[in-house]
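Student: I'd like a close look at a single part of this structure. Could you walk me through it once we have it in view?

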Amino acid sequence: MKLLFERSTVGHKSELLPCCSTPAYELPADLLRAEAPALPQLAEIEVERHYTELAKQTFGVNDGFYPLGSCTMKYNPSINEDMAALPGFTKLHPLQPESTVQGALEAMYTATELLQEITGMDAMTLQPSAGAHGEYTGLLLIRAYHQSRGDTARTKIIVPDSAHGTNPASAVMAGFSVVNIPSDEKGCVDLDGLRKAVGPDTAGLMLTNPNTVGIFDPNILEITKIVHEAGGLCYYDGANLNAVMGMARPGDMGFDCIHLNLHKTFSTPHGGGGPGSGPVGCKAHLAQFLPTPVVVKTEEGYHLHAPEASLGRMRSLYGNFLVVIRALTYVLSLGKEGIPAASQGAVLNANYLMKKLADLGYDMAYPGFCMHEFVMDIGKLKKETGASAMEIAKRLLDYGMHPPTMYFPLIVHEALMVEPTETESKETLDAAAEVYGKILAEAKEDGQRLHDAPFNTPIGRPDEVGAARQPILRWTPAE
Amino acid sequence: MGGYIPNSAAAQQAMLESLGLTSVQQLFDCIPSEMLVDHLNIPEGMSELEVGEMLTAMADKNKRFSTVFRGAGAYNHYIPSIVKAVTSKKEFLTAYTPYQAEISQGVLQSIFEYQTMICQLTGMDVSNASVYDGATAAAEAVVMCQERKRSCAVVSGALNPHFIEVIQTYCGSRGIPVEILPVQNGLTDPAALSAALKADDACVLFQNPNYYGLLENCDALTEAAHAVGAKAVAVVNPMTLGILKTPGAYGADIAVGEGQPLGIPMAFGGPYLGFMAATQAMMRKLPGRIVGQTTDAKGNRAFVLTLQAREQHIRREKASSSVCSNQALCALTAAVYLASMGPDGLADCAKQCLSNAHYAASEIAKIPGFGLRHNAPFFHEFVTECPICPQLLNEKLAEKGILGGLPVEGGILWCATEMNNKNQIDRLVEILKEVAAQ
Amino acid sequence: MNTPANLKYSKSHEWVKMTGENTAEIGLTDFAQDSMGDIVFVELPEVGDAVTAGESFGNLESVKAVSDVFSPVTGVVTEINEELLDNPALINESCYDAWMIRVGEITETENLLTGDEYDASCQEEA
């Protein structure tokens, strides 16, 4: 495909603005750039065709099955987009007087009320812009809590070895050091290991439940109790909330604060990598530390309010507002029956597909029932046939299907992590299983052949080593 | 209501049977029973029609101003029709981060093109694929400048106050000292900066045009930073770079900013776009996703996520940032905007902002009590005095459908863009005259 | 696996070539470069930095991993192999020529292994 710059022709342009109606003002030349930026020069039809071509080489949920583990690639309802495009929302200046944005504040307030109820939390901020940003916010809440009590020796955050990489990275950003604890043979928290890890230096524990191998930790109440008794707080990573929403609440599991991924659990589109939204909820004892501002409701209406001991600001303004509008639309659509039904559907779909794939001969890292996702272990297959998790994934591309998450969690070496979500039909799962069966047969017949997969995609496997050794990060005109 | 679940009850029953189960509840037996929710206290689900009505009613409660003279970090620009048309394409909208390059060349290439255009605008060598917003981009830039023996960030007091607060949040938790440089006549004074700088300061961060709309002496500020071996970080408005001298030209090490002016709606504050560009020497310190060009097995050009070993999913607690997602769809929006405007269109738009703002400033300043507060070159924002309570003034403007400037420090921070033509400005001035005469 | 007998080795996969009474060259072993795969980036200390036996002095990146490199000696960095910064592939191509740092003023040395001992230690690990 040509780059925008390679399609450029001098003089091509769109007529978008009228002539300037005020006298032309000139700044002194030393404040101006020497030459115009080398942006492409294109007519509107050329821009449109360019991006249409790029769209055709982009695979989204709307293109096919996308069971990317831990990413909850559920269908993104069309009504969400319509609501987020309402001019009454899109054309609001963020610094308008409060009296002129009551509808926007109502939407934010309503969203926090609903999400607090679903998660069992008492207060919430919508400011964090993504999951990792939410983690950072939640950890700063924990930090502010301990500091407010003069408990400054609490410098360590405990993270299981199965956690997302963002967990330890966020902990370090928040000024903590990280204590990694191993998982037990079922992928759950090892209670003895946790008891040994906690102490007077424990600031908190970060956990996702169900965990990254798709298992609900049966000891969750004991886990949060151990941490609380040691004086620490418990942080819930909401990455896997789609397994339990409406069924069980992090607040009832003993967690003090949480983040949600509206772009996973609450159906807002991923947009090729963002924007997401990572609201952070907390129990009452942390509410005074929330970032500035939060929305409050009084008799006179809705207001933006700075919590008394606020940890500060996580970003400018109020968060990814239009993403919140989409999530609000979704929660209102599903309601009290639909929310748990979605989790039930997600868990049923995952178990159904897991069983089918196990019956075909794929090894499961943790056999038995799973929650919303499961992890296959390709290790034995690789030994027998030479076909690795990567090869299976790449071959799936040829069948018009997005592969599962590869090589995560790190505790399973040849991991393929599958999360079908509730919005896929039985027919889609059956068809997917058929493809997985074919690929397994291919691997057993000639594992080496899969090293060259995919065969039918627009490009073959890219040279990632070359890309990293000699980085080319921008287009430059040919000399 | 339906939860967008396609399976019928019969299909779900068949699936359960294949698992040897009779009820889906059995799959939740692993959850301690005392923890199971028996009553979720939220409203019953609604039909699409009802939800649409409810959200539309909320949207209708907001006041949409037909005329906007307010900026201060969020700008009312014209958004070409094609921008929404392209970014609404469901392939872009519903894709995840492009981990599987073979089926993601479209989104990868769009990010590569975005990175290129950010470099072209800023005059820098390299760009990342974007971060959450301008304020977090500024904070991440400060973190990029941390060296073993250099930590303190010296930040211009004429930087957008939200940006300062976010920098303080990001630096506070890591123990990075932040020094705010006092503002003199609305500007960052290079001599005062030189006097304040210490030999082990990590970076100087300033905004151009600054929060008050004024153009800083970027050459001198950059030079002062470099004189003590500190990095210079410029916070810039990408729209103004259609004509203004680039951070690359005055020698900045990092250029960051809020990309919202590039085709992204004001939308009550988000989602926006934090862009980050740097010199080649600082390439590996950039946080977040970066797309690079390579070849596939057949030698075809291909694009991939690259330099990934910098990132949290590999480095974990040793990563310099936990940022995971970028703002890909907003980066795409900016790219489509820039491709549609082209170099001439962007320069024209920037010049219209400049000319409209200067016309507005000269007309408003003629009104008694509305004198210009600062005497320095400005771009499309400026501060005037206000003879009456600024809130009261804005209420009077609001009655006429005008969102007035933002009250700051007893005065008013006005903004004019290409959307504010001569008629709008003349009308504003008439109303201000009436108010001043009362 | 190639393990020259004239060098000493650490359990953390660095080789050490004593170049004088208290000077040494340090690099990465063949076993380590092979298990890391294609190395795409090398981060080295600065000349004049102190290194401590058993502690990390730099790191290596492959496409999907990052590994610390540990110093087997305590001393001061006198030279870094700048060629590696531009061409990290040299470590994959010829790891025993691709020294990473030269250290002087060595005051302490870890208990180092002979080639045979190191081979045995790698076999245990594998």
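Student: Why does the distance between the end C-alpha atoms of helix 13 (residues 422-437) of chain B agree with its 16 residues?

Tutor: Happy to take that one, keeping in mind that this is a predicted model. Helix 13 of chain B has 16 residues, and at 1.5 Å a residue these should span 22 Å; the end C-alpha atoms are 22 Å apart, so the two agree.

Now let's look around the helix. The buried residues of helix 13 of chain B are I425(B), L428(B) and L432(B). Viewed down the helix axis, these buried residues fall within an arc of 60°, so they line one face of helix 13. On the face turned away from that buried side sit the exposed residues N423(B), E434(B) and A437(B). The cover over the buried residues of helix 13 includes helix 11 and strand 12 (402-403) of chain B.

Helix 11 leads us on to the contact between the chains. That contact takes 169 residues from chain B and 167 residues from chain A. Helix 11 (residues 328-365) of chain B provides the largest share of the chain B side that touches chain A, with 24 residues. By type, the residues on that side of chain B divide into 87 nonpolar, 56 polar and 26 charged.

Setting aside neighbours within four places in sequence, L205(B) is in contact with residues including A138(B), V142(B), V155(B), L159(B) and V235(B).

How values were computed: Residues are numbered from 1 along each chain as its sequence is written. Chains are lettered from A and ligands numbered from 1 in the order in which they are written. This is a predicted model: local features need pLDDT of at least 70, side-chain atom pairs count only at pLDDT 80 or more; totals for chains, interfaces and linings use all residues. Two residues are in contact if their C-beta atoms, placed from the backbone, lie within 7 Å. Helices (H or I, at least four residues) and strands (E, at least two) are DSSP runs, numbered from the N terminus. Ala, Val, Leu, Ile, Met, Phe, Trp, Tyr, Cys and Pro count as nonpolar, Asp, Glu, Lys and Arg as charged, and the others, Gly among them, as polar. The expected span of a helix is 1.5 Å times one less than its number of residues. A residue is buried if 20 or more other C-beta atoms lie within 10 Å of its own, exposed if 12 or fewer, and partly exposed in between; C-beta atoms are placed from the backbone. The arc is that of the directions from the helix axis to the C-beta atoms.
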